[in-house]
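Reader: Before we discuss details, could you please show me the sequence and the structure?

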Amino acid sequence: MYNDKLAKKVCGCGGTMTIHMHTLIYSAKIKITHVPVYTCDVCARYEPLPYIKKDLVSFLEELNASSARGKHVSFAERNEWACVLKETMAAGMFPGGVMELEEAIQISVQGRIDLLLDLYRVAAEMDDHSWMEETERRLSQLTIHTPENANHGEKRKIEG
Ligand SMILES: [Zn+2]
């Protein structure tokens with residue numbers, strides 16, 4: 001499972017950055033809700049969660065290409081991390097603080113991976129290839145992107 005701490009990290013200024021769901025205004029026209037970011041409580045700097053960066057960039061490119069205006073979109077509808085984190089954070093107030101949030105996130109992510117693996121098995125039994133591909137795509141979003149597999153998007157091997 002994830003050994004990295006997901007709920008917080010240390011900022012360059014020495015402050016503590018904690019995870020939040022952020023609303024991005026893109027090109028002053030498109031409102032993108034449910035973008036997981038780390039926000040520093042000292043210098044107010046924020047940055048997207050590393051696991052979503054690549055998908056966020058392609059999402060912005062797609063929005064740019066579609067020349068959408070005045071739209072309101074949710075990143076949670078296309079990204080598994082955003083979806084899991086949105087649900088986790090909506091679920092409670094976390095009186096135990098960041099430690100409790102961390103635990104809740106880890107449990108939610110593992111639960112989502114288990115669910116997707118079950119769905120994949122069902123899709124495979126039904127021999128439903130488009131469903132298998134969709135489930136595989138969602139699963140791959142939840143796996144950590146290392147430099148070695150960072151450009152698998154274009155060179156991904158199609159099985160079967
Ligand atoms: Zn800072």
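**Loop and helices**

Author: Ala28 has its place in the loop between β2 and β3; strands (E, at least two residues) and helices (H or I, at least four) are DSSP runs, numbered from the N terminus. This is a predicted model, in which local features need pLDDT of at least 70, side-chain atom pairs count only at pLDDT 80 or more, and totals for chains, interfaces and linings use all residues. Residues are numbered from 1 along each chain as its sequence is written.

Reader: Is Ala28 buried or exposed?

Author: Ala28 counts as exposed because it has 5 C-beta neighbours inside 10 Å. A residue is exposed if 12 or fewer other C-beta atoms, placed from the backbone, lie within 10 Å of its own, buried if 20 or more do, and partly exposed in between.

Reader: And what is the phi of Ala28?

Author: Its phi is near 60°, a positive value in a residue other than glycine. Most residues other than glycine have a negative phi. Ser27, in that loop between β2 and β3, also has a positive phi, near 50°.

Reader: Turning to α2, how many of its 11 residues are buried?

Author: Nine of them are buried, including Trp81, Cys83 and Met89. The buried residues of α2 pack against β2 (16–26), β3 (30–40), α3 and α4, where contact means C-beta atoms, placed from the backbone, within 7 Å.

Reader: Which residues of α3 are buried?

Author: They are Leu101, Ile105, Val109, Arg112 and Leu116, and they pack against α2 (80–90) and α4 (129–141).

Reader: What happens just after α3?

Author: Asp127 takes a positive phi of about 60° there.

Terms used:
Two residues are in contact if their C-beta atoms, placed from the backbone, lie within 7 Å.
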